[in-house]
Amino acid sequence: MGKYEIKVDKATPQYKVTISGVVDEDIDFNAYSLSGAASVDLQLGMVKSINSCGIREWIKWIGTAGTAPVKYHQCPKIIVDQINMVQGFLPASGKVMSFYVPYYNEDSGSEKNVLFTYGKEFTDSAVNPPAAVKDDEGNVMEMDVVEAKYFKFIKK
Amino acid sequence: MKFFSADPQFFSEVPMRFSQIYSSVSAYDLASCPEVLGRESVLVLNGTEPKELISTFTQKKCWNIIQKNDETFVSDLEKAARLIEKPQLYFDAQAEYFVSEPQDMIFAEFNAPTDKERLKKTSEKFIENLKNQNVHESVNCIVEELYMNAVLDAPREAQQMGRFEHPYVHGQKAKMTLVRDDQALAISCMDPYGSLNIQKFIRRMDEVYQKGAGESLNIKRPGGAGLGCVIMFEHCSSMFLGVVPGKMTVVTCIIPLGLSYRQRAEVKKNLHLIEI
């Protein structure tokens, strides 16, 4: 794989897309138009980084889906940050189905990303975090985000 | 040198210490703050969010805003005061100015898109031993935007100013420096164009914060997306924008170490402009 990889499965009108790697000024979405999709499922767990030019290219590309429903899956924190910061990064027809939340234990310094899934850890208007998150040593970890900011896209 | 603050405790402690070091220091209540603050003024705030800070910066035409973060406040004031008195220090030392006892340092020179992978590998090597993932993420984001400013924006801004001599074509290079101690990591990027219009940069930040990043995104015009300024600011605790017009631009971002994502989010930001 080079800097990035885009896979689009158009076998059915429910397009399945996976993006991996670095989304920056070199990304070329031209060959991956979403025009004609009845819906788009976007797997984002392997996105490593995104810069300001990558954000712009993403918004232009996701617009090719038109009004088709778009679902974002396994969003890493860097993607959640863009969803919250940049209007249009998640299109109007878009919905986040799962995303990662960083957890932290201050005493041990351990870090972990926990996947929140729609219908389980969050709904259209509320966040229901897991009862307890522990690191590999059994230490209880705390959610390491400013909730009002990180979950802003949910409360909209 | 003038300090403006609404905090009564500020007047009883810090100015006395400063007036022992600097030849001319005075402190004023924020209420007596003039409409426009000059280069030798420092506006001291407490608990101001980035959007409001940039708005204040734009309205007051500030050159320095420092916020009262308990851990670093006095050090921030001292560093800023030295730079007001001797701005050349910033351009000479760049990232090293901000780290008192460096534990690690690395730099990379570049002037073309083909250099980007090497630059990123250099910064990734530098941070690989740092524990906190939030620092890795912020360093990567800042390096990306500083690289684009230096390689893409600086030459374009110079051309728009009517300057057609291109230092990169003549072999000159930009330089990214990363240096850290156990408290903080500083990233500086120097480019040899000196084409940064710092007031335009601040106005752009204000536009992004006021209108929203999506509304102000540059989709159609040539050039960058116009979000890098805010992305960098969001990922650091202090940002320094320095320019020697026609010669050199140096942008520095400071990231505090040893904090979680949430703890870092609670650190209020500082912003400084330097031009000689």
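Hi everyone. What we have here is a predicted model: local features need pLDDT of at least 70, side-chain atom pairs count only at pLDDT 80 or more, and totals for chains, interfaces and linings use all residues. Residues are numbered from 1 along each chain as its sequence is written, while chains are lettered from A and ligands numbered from 1 in the order in which they are written.

Let's begin with strand S4 of chain A, residues 70-73. Helices (H or I, at least four residues) and strands (E, at least two) are DSSP runs, numbered from the N terminus. Val70(A) and Tyr72(A) make up the covered face of S4(A), and Lys71(A) and His73(A) the uncovered one. In a regular strand the side chains alternate between the two faces of the sheet.

From S4(A) the chain crosses through helix H2(A), residues 77-85, to S5(A), in a right-handed β-α-β crossover. S3(A), helix H1(A) (residues 52-62) and S4(A) form a right-handed β-α-β unit too. Right-handed means that, with the strands pointing away from the viewer, the path from the first strand over the helix to the second runs clockwise.

Further along chain A there is an open sheet of 4 strands, ordered S7-S6-S9-S8, with antiparallel pairing. Its edge strands are S7(A), 111-117, and S8(A), 133-134, each pairing on one side only.

Finally, the largest nonpolar core has 121 residues. Such a core is a set of buried Ala, Val, Leu, Ile, Met, Phe, Trp, Tyr and Cys residues joined through C-beta atoms within 7 Å, and buried means 20 or more other C-beta atoms within 10 Å of a residue's own. Ile142(B) and Leu146(B) are among the residues with the most contacts inside the core. What gives the most to this core? That would be H6(B), with 12 residues.

Key: Buried ≥ 20, exposed ≤ 12 C-beta atoms within 10 Å, placed from the backbone. Pairing = 2+ DSSP bridges.
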